[in-house]
Amino acid sequence: MSTPPSAPTIIERLIETSARNKFLIFIFTVFAVAAGILALLRTPLDAIPDLSDVQVIISTDWEGRSPDLVEDQITYPISTKFIAAPKVKFVRGESMFGKSFIYVIFEDGTDIYWARSRVLEYLNSVRGSLPEGVNPVIGPDATGVGWVYEYALVDDSGKHNLAELRSLQDWHLRYALESVKGVAEVAPVGGFVKEYQVDLDPNALVAYNIPLADVVSAIKASNGDVGGKTFEVATTEYYVRGRGYIKSVADIENVVLKVQNGTPVYVKNVGTVHLGADTRRGVAELDGKGETVGGIVVMRYGENALTVIEGVKKKLQELQGSLPEGVRVVPTYDRSELILNAIHTLREKLIEESIVVAFVCIIFLWHVRSALVAIITLPVAIILSFLPMFGLGLTSNIMSLGGIAIAIGAMVDAAIIMVENAHKALEHFRDEQGREPDARERVSVIVGAAKAVGRPLFFSLLVITVSFVPVFSLTAQEGRLFKPLAYTKTFAMFFAAVLGVTLVPVLMLLLIRGKITPEVRNPVNRFLIWAYQPCVDFALRFRWPLIGRDGAGHAGPSGLVPGDQCDLE
């Protein structure tokens with residue numbers, strides 16, 4: 001009895017359904033490509049993936065205190081509080097003269113803003129155990145790769161000193177640049193921070209019997225406005241207020257410290273007041289020409305670095321007209337150049353790879369229209385791979401685009417093999433029937449050829465797709481470095497497999513037309529078969545000696561064969 005024909009598999013039914021509904025397949029492909037292009041345009045660009053841990057930095061100022069005192073009174077109480085916080089991996093503390101830094105590192109995958117809210121919550125509970133006047137604050141919502149742009153203020157006129165340039169940076173440029181979308185912080189560097197300084201004469205303090213604490217409290221009390229009530233005069237209401245903010249050196253000099261025998265004692269009687277610079281812990285220098293003032297633009301977590309840099313440049317152009325005469329902004333670091341060069345290099349290599357693949361397809365298929373099946377499928381699969389990239393929040397960088405570059409060679413395998421099988425099926429039809437197939441027979445032959453190899457091709461591509469699954473088990477910096485590559489390579493291979501059983505059969509029906517050169521008449525294939533046939537015949541004729549030699553070669557490293565001979569083998 002003859003065995004009944006087996007039921008078609010899901011892949012075979014999918015191939016046949018796609019071939020019978022060409023219009024729907026093209027509509028779905030067009031919409032998918034449009035969505036992929038939109039995702040491509042909205043995917044953030046950067047040069048490298050962000051390898052930073054999910055961390056929140058807590059900084060605390062306690063002026064004039066030694067590092068050991070800062071450690072005991074600030075760093076230790078705060079650090080011990082965060083050890084038991086949820087999702088915290090470890091806590092690092094650093095104490096220095098007058099400053100404390102605490103780094104709270106969270107587990108991978110923790111939302112940065114959830115982490116920041118937990119840190120603020122725990123800080124509120126620890127403030128009561130800190131010294132009076134100490135106020136710990138958290139750093140900007142940025143990562144270690146958030147440093148995207150840096151600039152310097154250059155005074156060509158020579159009319160402005162470093163203190164004036166620093167004031168221009170702190171009170172003009174800083175706030176304007178922080179208004180740019182995606183900017184977390186503009187950190188100033190260099191120059192002098194202007195401040196009022198009071199140099200007291202100890203002998204005068206003793207003569208007037210005025211403690212130092214009274215001088216400090218009197219100056220603090222004299223720096224502030226006060227409000228009063230209102231009163232009405234002739235149907236007009238007047239507001240009463242006392243204005244007392246310090247606006248000049250003279251205001252501090254005339255602060256009353258005490259009244260002695262009806263005569264007030266002023267600050268100027270016990271010391272001198274002048275404008276000076278705050279103590280600084282570093283300098284900024286530009287091109288070996290001397291000190292300068294600058295700013296560091298830090299990008300907010302998860303933002304598009306290229307978009308943020310473009311926004312900063314645009315804002316600086318707008319601010320150039322408001323700067324003092326002779327002062328200009330000079331960029332000293334611009335990551336957009338690195339990003340654009342990296343993306344340009346990868347794009348160039350992707351195009352070169354695509355051209356090589358197209359050329360190889362044309363050479364081996366020896367039919368330009370048939371080669372277009374693989375040539376069209378390749379960019380469609382690449383564009384579709386950006387859809388899950390955008391959904392997962394991955395950036396387009398040298399690693400993620402490198403995954404696509406790795407997968408290009410294997411992405412066209414299904415299309416090439418399907419086209420070759422269709423060529424062979426049409427060749428067999430001509431040999432058996434002695435004529436060219438008509439339109440209906442041609443469709444039947446091409447669809448049958450696609451169904452014959454579609455299922456094994458689909459699953460072979462899926463096997464290649466899951467080959468990078470072990471990479472997803474990497475954690476910490478290794479995972480953050482290589483996971484983008486594994487993701488994009490997996491996405492590209494997955495969409496290549498899907499297109500291989502949907503779009504490829506449709507393109508085969510449309511493009512495999514005209515005269516198709518038989519395999520034996522293709523000069524490239526004929527040469528390769530001529531060179532390969534003797535090797536195959538030899539291997540099949542002496543299969544057992546070759547298998548034994550191969551087994552002995554594998555056994556060599558275990559100690560049966562000396563190491564130097566194994567290397568020669």
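How many nonpolar, polar and charged residues does the lining of the largest pocket have? In this predicted model, that lining has 19 nonpolar, 13 polar and 11 charged residues.

**Largest pocket**
- The volume of the largest pocket is about 1,800 Å³.
- Its lining is made by 43 residues, and Lys-99, Phe-101, Glu-185, Ala-187 and Pro-188 lie nearest the centre.
- Two or more lining residues come from each of strand 1 (54–61), strand 3 (99–106), strand 4 (137–138), helix 5, strand 6 (183–190) and strand 13 (293–299).

**Second largest pocket**
- The second largest pocket has a volume of about 960 Å³.
- It is lined by 36 residues, with Asp-50, Tyr-301, Gly-393, Leu-394 and Arg-480 nearest its centre.
- Strand 1 and helix 17 (476–500) are the elements that give two or more residues to this lining.
- Helix 17 gives the most, with 6 residues.
- By class, the lining of the second largest pocket divides into 17 nonpolar, 11 polar and 8 charged residues.

**Helix 5 and helix 10**
- Helix 5 (residues 162–178) and helix 10 (residues 305–320) have axes that come within 10 Å and cross at roughly 140°.
- The two helices, helix 5 and helix 10, are therefore oblique to each other.
- The crossing of helix 5 with helix 10 is right-handed.
- Helix 5 makes the contact through His-172, Leu-173, Ala-176 and Leu-177, and helix 10 through Val-312, Lys-315, Leu-316 and Leu-319.
- The residues of this contact comprise 6 nonpolar, 1 polar and 1 charged.

Terms used:
Residues are numbered from 1 along each chain as its sequence is written. This is a predicted model: local features need pLDDT of at least 70, side-chain atom pairs count only at pLDDT 80 or more; totals for chains, interfaces and linings use all residues. Side-chain values use heavy atoms; hydrogens and water are left out. Axes are lines fitted to C-alpha atoms, for helices over the stretch in contact, and angles run from 0 to 180 degrees between N-to-C directions. Helices (H or I, at least four residues) and strands (E, at least two) are DSSP runs, numbered from the N terminus. Angles under 35 degrees count as roughly parallel, over 145 as roughly antiparallel, 65 to 115 as roughly perpendicular and the rest as oblique. A crossing is left-handed if the near helix is turned anticlockwise from the far one by less than a right angle, and right-handed if clockwise. Contact means heavy atoms within 4.5 Å. Ala, Val, Leu, Ile, Met, Phe, Trp, Tyr, Cys and Pro count as nonpolar, Asp, Glu, Lys and Arg as charged, and the others, Gly among them, as polar. On a 1 Å grid over the protein atoms alone, a cavity is a set of points where a 1.4 Å probe fits but cannot get out, and a pocket is an open set with protein on both sides within 12 Å along at least five of seven lines; lining residues have an atom within 4 Å of a point. Grid points are joined across faces, edges and corners, and a volume is the space filled by probe spheres set on the points.
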